Amino acid sequence: MSGVIGLDQVALRAYRGMCLARAFDTKLSSLYKAGKVFGGVFLGRGHEAVAAASAAFLERGRDVYNPFIREMAGRCVWGDDALLEACRSYFGSALGCMGGKDGNVHWGQPTQGNPAPVSHLGAMLSVVAGMMLAKRLRGEAGGVGVACIGDGTTSVGATHEACNLIAVEKLPVVVVVTNNRYAYSTPNCEEFACADLTDRGKGYGMCTYSCDGTDFLQTLSTMRQAVESARNGEGAQWVVATTLRMCGHGEHDDAAYIPAELKEAYAQRDPLDVARRQLLEKGWLSEQEADEMDAVARDAVQRALAQAQREDPPAPRTVDWRATSWNPQGA
Amino acid sequence: MSVTYIDAIHRAMEDLLAEDELVFLYGEDIAGSFGGAFKATKGLAEKYPGRVMNAPISEDAILGVGIGAALGGMHPILEMQFADFGTLALNQMGNNAGAHYFRTGVPVNLTLRMPCGGTPGGGPFHSQSVEALFAHYPGLHVLTPATVGDAYDMLKQAVQIPDPVVFMEHKYLYRRVKAESFTNPDPLPVGRARIAREGEHATIIAFSAMVPEALEAAQLLAEQSGYEPEVVDLRSVKPLDTDTILASVARTGRLLVVSEDFPWGGVAAEVVARVAAEGLHLLDAPPLRLTSKESPIPYHPELWKAHRPSAATIAQATRYLISL
């Protein structure tokens, strides 16, 4: 796809997704603090560049995209319906793709290449593998699956099983590991002992990449290379992008365990600021256009949140409680 | 011609591969000329190249691949080498596949084959009956065939059911249960229990390898004591055919439920709970359960025989039930 559409167009689409995600996070945080959201709220602040890049080279209908907790920017790049669906998910709208039966970041459109994540970390990697295996068995060539995980998920047994299998089957899957240095409150040094998370990808026999996840254009070009390699039949790819979570694990968490120096260092490297600066320097975006994009994003977020809050909630008396689609006759 | 229970399973998969191009088989050691730890897939990889695939030793990922492949439109049949290792896939099956239809409205059409149950010398980790663990999760169907005909028909029906199905195939029955033919002239649908033997003095509910034990017990009782117990083969533990169970209890007034599983919270407990809740007035005596012991499954054949229900202990329990 990047061969047809220039990197400037991809970058602008990705940046638009980042603006939407940041505006969404800002509003959602306020609504959480005002007690308007049922459960937890999980933001992607600091992850926007990696998230947007993870979806930037994918095509809905052909590819598979498996975002998880902090990939709102990637979801917005993957599809224009993401903003409304994310709002519906948090507010449990009956019209959302989960119909209020699941919520917050646990939503997907599995028939459209976007599987609905479960909370068990690492469990979706093998599901992505299966979706790509189905394409192979059905003779559908050229698709790529991107599966997003974090540093903490690299410790999960399911991750190991799936990554090994993906590599053994040479499936066109890109595993994007966003290392934000903390798995909830646990720092990298208590999470793994290898020198670098790319070592893990090498161990699986995957082609590995690492990039600075706060550097928008570097992350974008790394993802382009990884997705193109997978698309060209070079098998499994492992991308490690390092950034900092500029928020708590969820909005209930003040992240007091992250040292102040680290927070200050990353304050200078906010992916939104870096991306804007880089797009201006390249001449792909003017100051005025950037401001407009921001304003449009904020308006879109307002509208989507208002709509989702207005929509009917699911009704316990009329909702479909069946757990299986098939039921025996007479039962 | 005499065919076995495992022949029926092999034949069902062979026919499914021939009839449904979306079917593929995935599991440990099932491909190549090896054809599986129990030879259930022997020769199928050669006959259907690319559709019988070996997986790494990764039970969780095997299930995940099955879920993804089903979402991609395929009809995967997955194999756990032993049902005991199904616990390693329980998260994917229960939390991911099982929850999927309710959460998204999209069913996950996968079949999970699990060679289950005890055999002499199997020991604690190659003998378990884990149907209750899987049946506990909403969203799964759990089939437990006891005959050659059911092994064939129900595996084929499992793939036609659009939801995740656990197919519990009992290793003790693999080569011990034989029939003249695979085919039932009039196969029952999944969800219907079968009256395996008609009787009047007590109802013995059994499934899987406990069905032949219960039938032998009934024969013993008839010969030795003149009692005629009715034996009901559940065929599937989920769906559970409460109607057939209650109808039988209404005829006999006495209930014994036999299960090879551990006692705590198992299928036997579920059946007793349902009969107590819906048919207490039908009972002339307290309902009884006969299960394996509340201890891990032992290795030595003499210990193993004493650990699980047998024709002799089922007959003994039935005599006691009738005496109440």
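Biologist: Which residue of chain B meets the side chain of Asp102(A) in a salt bridge?

Modeller: This is a predicted model, in which local features need pLDDT of at least 70, side-chain atom pairs count only at pLDDT 80 or more, and totals for chains, interfaces and linings use all residues. Residues are numbered from 1 along each chain as its sequence is written, chains are lettered from A and ligands numbered from 1 in the order written, and side-chain values use heavy atoms, without hydrogens and water. A salt bridge is a side-chain nitrogen of Lys or Arg within 4 Å of a carboxyl oxygen of Asp or Glu. At 2.7 Å, N to O, the partner of Asp102(A) is Arg103(B).

Biologist: How many salt bridges are there between chain B and chain A?

Modeller: Over all chains the structure holds 32 salt bridges. Between chain B and chain A, the count is one.

Biologist: What area is buried between chain B and chain A?

Modeller: In contact (heavy atoms within 4.5 Å) are 42 residues of chain B and 36 residues of chain A. Carbon and sulfur atoms give 66% of the buried area (accessible area to a 1.4 Å probe, lost on putting the two together and summed over both), which comes to about 3,200 Å².

Biologist: What is the volume of the largest cavity?

Modeller: A cavity is a set of points on a 1 Å grid over the protein atoms alone where a 1.4 Å probe fits but cannot get out; points join across faces, edges and corners, and the volume is the space filled by probe spheres set on them. Four cavities reach 30 Å³ or more. The largest has a volume of about 100 Å³.

Biologist: Which of its lining residues are the closest to the centre of the largest cavity?

Modeller: Lining residues have an atom within 4 Å of a point, and the largest cavity has 16 of them. The closest to its centre are Phe24(A), Phe42(A), Ile69(A), Met72(A) and Val105(A).

Biologist: Which residue pairs with Asp81(A) in a salt bridge?

Modeller: Asp81(A) lies in the loop between H3 and H4 of chain A, and its partner, 21 residues apart, in the loop between helix H2 (48-56) and strand S1 (64-66). Helices (H or I, at least four residues) and strands (E, at least two) are DSSP runs, numbered from the N terminus. At 2.8 Å, N to O, the partner is Arg60(A).

Key. On a 1 Å grid over the protein atoms alone, a cavity is a set of points where a 1.4 Å probe fits but cannot get out, and a pocket is an open set with protein on both sides within 12 Å along at least five of seven lines; lining residues have an atom within 4 Å of a point.
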